[in-house]
Amino acid sequence: MPRRIRGFFMIELAPSILAANFACLGDQIAATERGGATWVHIDVMDGLFVPSISLGVPVVKSVRACTGLKLDVHLMIVDPIRYIGAFADAGADNITFHLEAADDPDAVISAIHERGLSAGISVKPGTPLSEVRPYISKVELLLVMSVEPGFGGQKYIPESTAKLVLARAMIDEIKPSVRLEVDGGVGNSTVTEVLGTGADLLVMGTAVYGHHPEVRSRHFTELFRKFEFSADAERSDQQ
C-alpha cells in the first residue's frame with residue numbers, strides 16, 4: 001500500500017503511454033521513472049465503448065518486460081470481464097474498468113481480485129457519482145474521467161473539479177484506502193486545481209510525453225511533494 005502522509009496517500013504520477021513515442025517506448029518509460037513516476041497508465045480502447053482503437057494485451061506484455069513500475073491498465077471496452085485474465089497474464093498490477101461498460105460490475109471486480117490484482121472502477125464525465133457509490137467499498141481505486149474517454153490531448157472539463165471533491169468525500173466516508181485517480185487534461189494549467197480536490201493518482205499524457213518526459217515527470221513529482229508539504233503544514237497548524 002502506498003505511503004500515507006497524515007492519513008493521506010502520497011500523490012503519484014501515472015504517465016499515459018498513449019502520448020508516448022512508440023518507436024522508443026521502453027526508453028520513454030524509463031525516462032519517466034527517472035523523473036519520479038511510479039505508474040505506467042495504459043489505455044485500452046476497443047472502438048465500441050469509445051470511438052478509438054488503441055493498445056492491447058501484447059503492448060501490456062511488452063511494457064511489463066521492460067519496467068518494474070506498476071501497470072495501471074484502463075479498460076475502455078465493452079463487456080470488460082472477457083479480458084481480465086488476458087491482461088492479468090500480461091502483467092497488469094491494477095485493472096480499471098468503466099461502470100458504464102459492465103453489465104455486472106460486481107462480477108468484474110471479483111474477476112480482477114481473483115487474479116490477485118487491485119481493481120479500479122471508472123466513470124465518464126456525465127455519470128453521477130451516486131451510480132458508482134455501491135462499488136466503492138469493493139474496489140481499490142476510483143477513476144474520475146475529466147474528459148470524455150477515447151482521445152488524448154483533450155482539455156480538462158472544469159466541472160470535474162467539483163466532482164472530484166465529492167468523490168474524495170465519498171471515498172473518505174466509505175473506504176478511505178481507495179485511491180482517487182483523475183485522467184484527462186491534467187497539466188500545467190490544471191494540476192494545482194486538481195491536487196486541491198484530494199486526488200492522489202494523476203494521469204498525464206501529453207503533459208509528460210509531449211516534451212522531455214524525464215524533465216516533465218520530475219517537474220510534476222516535485223510539485224506533488226511541495227503540495228504535500230504545504231498541506232501537511234496547514235493540517236499541523238490547524239491541530
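A salt bridge is a side-chain nitrogen of Lys or Arg lying within 4 Å of a carboxyl oxygen of Asp or Glu. In this predicted model, Lys-70 and Glu-12 meet that description, because their closest N and O atoms are 3.2 Å apart and the cut-off is 4 Å. The two partners come from distant parts of the chain, with Lys-70 in strand S5 (residues 70-76) and Glu-12 in strand S3 (residues 12-15), 58 residues apart. Lys-70 is partly exposed, with a relative accessible area of 29%, whereas Glu-12 is buried, with a value of 7%. Both residues also belong to a network of salt bridges, in which Glu-12, Lys-70, Arg-168, Asp-172, Arg-179 and Asp-200 are linked.

Side chains of opposite charge can pair when their charged atoms come close. The side chains of Arg-133 and Glu-173 do this with an N to O distance of 2.6 Å, and this pair again links distant parts of the chain, since Arg-133 sits in the loop between strand S7 (118-123) and strand S8 (141-145), while Glu-173 sits in helix H5 (residues 160-174), 40 residues apart. Arg-133 counts as partly exposed at 35% relative accessibility, and Glu-173 is exposed, with a relative accessible area of 54%. A salt bridge also joins Lys-175 to Glu-140, at 3.8 Å from N to O. Here Lys-175 belongs to the loop between H5 and strand S9 (179-183), and Glu-140 to the loop between S7 and S8, the two being 35 residues apart. Glu-140 is partly exposed, its relative accessible area being 27%.

Which side chain of opposite charge is nearest to Arg-216? Arg-216, found in helix H8 (residues 213-238), is buried yet has no salt bridge, and the nearest such side chain, that of Glu-222, is 9.8 Å away. Apart from residues up to four places away in sequence, Arg-216 touches Asn-188, Ala-207, Val-208 and His-211.

The strands named so far can now be placed in a sheet. Strands of a sheet pair through backbone hydrogen bonds, either parallel or antiparallel. This structure has an open sheet of eight strands in the order S3-S10-S9-S8-S7-S6-S5-S4, with parallel pairing. Its edge strands are S3 and strand S4 (39-45), each of which pairs on one side only, and neighbouring strands are turned against each other by 25° on average, direction ignored. Within the sheet, five bridges join strand S6 (residues 94-98) to S7, and these two strands run parallel; His-98 stands opposite Ser-122 in S7. Helix H4 (residues 105-114) packs on the sheet, touching S6 and S7, and its direction makes about 170° with that of S6. Helix H5, which holds Glu-173, lies across S7, S8 and S9 and runs at about 165° to S8.

A last stop is Val-59, which lies in helix H2 (residues 57-66). Leaving aside its neighbours within four places in sequence, Val-59 is in contact with Ile-17 and Phe-22. Val-59 and Thr-127, by contrast, are 29 Å apart in space from C-alpha to C-alpha, and 68 residues apart in sequence.

Definitions and conventions: Residues numbered from 1 in each chain as written. Predicted model: local features only at pLDDT ≥ 70, side-chain atom pairs only at ≥ 80, totals over all residues. Heavy atoms only, no water. Helix = DSSP H or I, 4+ residues; strand = E, 2+ residues; numbered from the N terminus. Buried < 20%, exposed > 50% of the residue type's maximum accessible area, 1.4 Å probe, protein only. Lys, Arg positive; Asp, Glu negative; His and termini not counted. Contact = heavy atoms within 4.5 Å. Pairing = 2+ DSSP bridges. Axes fitted to C-alpha atoms, helices over the stretch in contact; angles between N-to-C directions.
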